[in-house]
Amino acid sequence: MAHFPRESDDLARGAIRLRFPADVESAFRRYHSRNSVVIIRYAILLTIILYGLFAVLDAHAAPFSKQEIWFIRFVLVIPALVAVLIFSFHPIFLRILQPMMVLVVLIDTSGILAMIDLESHGELGYQTYYAGLMLVIMAAHGMYRLRFAYATISTILVLVGYEYIAIVHQKLLASKDGFAVFVSNNFFFVSSIILGMAASYFLEVFIRRVFAQRIKLGQEEEKSNRLLLNILPREVVATLKEREGVIAEHSDNASILFADVADFASMSAHMMPHEIVELLNEIFSHFDDLIERHDLEKIKTIGDCYMVAAGVPRTRHDHAQILAHVGLDMLRYVEGRQFGGVGRISLRVGMNSGPVVAGVIGRKKFRYDLWGDTVNVASRMECHGTSGRVQITANTYELIKNDFICEPKGSIMVKGKGVMPVWHVLAEKASYVTGVQSSEMRLCDLHVAAQ
């Protein structure tokens, strides 16, 4: 994918100069070709039809030369144009579209000049068929969709062809009357080319500005998508783009983790506001890196509390294991670390596993959230937990007991649930650590491939 400059002034100047920076220019030419090819096919078809219809005029304007002229029309020019029209459906045509349309201009011009050369001095077409060249000039600067440089070059070649026939074959400079015709025709040809150049220039500027606007819109959309993806899961973003309204889904297998700073209230009482924000930003930024590394879903932060989920919105069979591993990583991160003027801190981490409802509700300030008893119990595990430990419920324990070393801590009273048995997760077993390292390497490879 091309990396486009973000400065709108660069693109605006590039449109006026008819030249974007190299990578943007390449993309523009592909865009121009794709959007021109259908119009070009109709233009070539119209040229073929007109070339055939003008045969009616030959009977009156060139009664003595009409057989030879019809040969040029129907045996040489029209078949050549038909061949180009057929070739326009081949993929290669898009890559050489501009040179091919210059060839079409030269085919048109050669046919007309050959007809003029065949006519005798007394035939009407001898003096009037030059008007056909002005039609070719109009087509080159308009419906043939030639970019300015190609259109200008091709119409100058038309003029050169006329000069050759007029001077070498018709010898218009040999007489006073011929010279007057020569000057008159050149006046109209040059005027047509100048007007055509102006038209093709402003047409290309317009097309380039449209393309530049598309780039800017694409950049704004990319920026909006990045902002949305920082707030909502990518699956939810895709759904919101397709439809409005409540977005909700039920998941039977998910795990929820809450982590907060132990004794944060008393700690923050002795801190300046900016120190509190800097501390939480340092901690939570590291947590964000962990979440991204393991493809989990950050739900929200509430004060000093960090909430993360696994198994929603993307289903995964190891939701409990990976979240317990991340919880231990969180503890390891703060353990023994000095945080500015605060010194050492400790975390309480609580986890639960089970069914949840996930989704987005409301009309403003969208936020992806989770609801259900599983969420409430996970929060209670953190609130009633022990500093420096990951506390889990029986639901989570049953899922991770084969992969983690867990210590039973008896039972605690949980509001709304009564007495519940709890465990502390002490460490990962060796077999699980090996598996996690392999998974992280695969995930890293996938991220590199995606980039």
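Q: What do the words buried, exposed and partly exposed mean when they are applied to a residue?
A: Buried means under 20% relative accessible area, exposed means over 50%, and partly exposed covers what lies in between. In this structure, which is a predicted model, Phe 187 has a relative accessible area of 57% and is therefore exposed, whereas Phe 188, at 45%, counts as partly exposed.

Q: How is a pair of aromatic rings described?
A: A pair of rings is described by the distance of the centres and the angle of the planes. The count here comes to 19 aromatic pairs. In one of them, the centres of the Phe 187 and Phe 188 rings are 5.8 Å apart and their planes stand at 80°, so the pair is edge-to-face, since planes over 60 degrees apart are given that name.

Q: Which kind of pair do Phe 284 and Tyr 306 form, and where in the chain do the two residues lie?
A: Phe 284 and Tyr 306 form a tilted pair, with 5.3 Å from centre to centre and 50° between the planes. This pair links distant parts of the chain, because Phe 284 belongs to helix 13 (residues 273–293) and Tyr 306 to strand 3 (residues 305–310), 22 residues apart. Phe 284 counts as buried at 9% relative accessibility, and Tyr 306 counts as buried at 0%.

Q: Where do nonpolar side chains tend to be in soluble globular proteins?
A: In such proteins, nonpolar side chains tend to be buried together. The largest nonpolar core in this model has 46 residues, and Ile 44, Met 101 and Tyr 162 have the most contacts inside it. Among the elements that give two or more residues to this core are helix 2 (22–53), helix 6 (97–118) and helix 10 (176–231), and helix 6 provides the largest share, 11 residues. Leaving aside its neighbours within four places in sequence, Met 101 is in contact with Ile 40, Ile 44, Phe 93, Tyr 144 and Leu 146. A second, separate core of 41 residues includes Ile 276, Ile 345, Val 390 and Tyr 432.

Q: How many bridges join strand 7 to strand 8?
A: Strand 7 (residues 404–414) and strand 8 (residues 418–428) run antiparallel and are joined by 9 bridges, with Cys 406 standing opposite Val 425 in strand 8. The two strands form a hairpin with 3 residues between them, and Gly 416 in the turn has a positive phi of about 85°.

Notes: Residues are numbered from 1 along each chain as its sequence is written. This is a predicted model: local features need pLDDT of at least 70, side-chain atom pairs count only at pLDDT 80 or more; totals for chains, interfaces and linings use all residues. Side-chain values use heavy atoms; hydrogens and water are left out. Rings of Phe, Tyr and Trp (its six-membered ring) pair if their centres lie within 6.5 Å; planes under 30 degrees apart count as stacked, over 60 as edge-to-face and the rest as tilted. Buried means under 20% relative accessible area, exposed over 50%, partly exposed in between (1.4 Å probe, protein chains only). Helices (H or I, at least four residues) and strands (E, at least two) are DSSP runs, numbered from the N terminus. A nonpolar core is a set of buried Ala, Val, Leu, Ile, Met, Phe, Trp, Tyr and Cys residues joined through side-chain atoms within 4.5 Å. Contact means heavy atoms within 4.5 Å. Two strands pair if DSSP finds at least two bridges between them.
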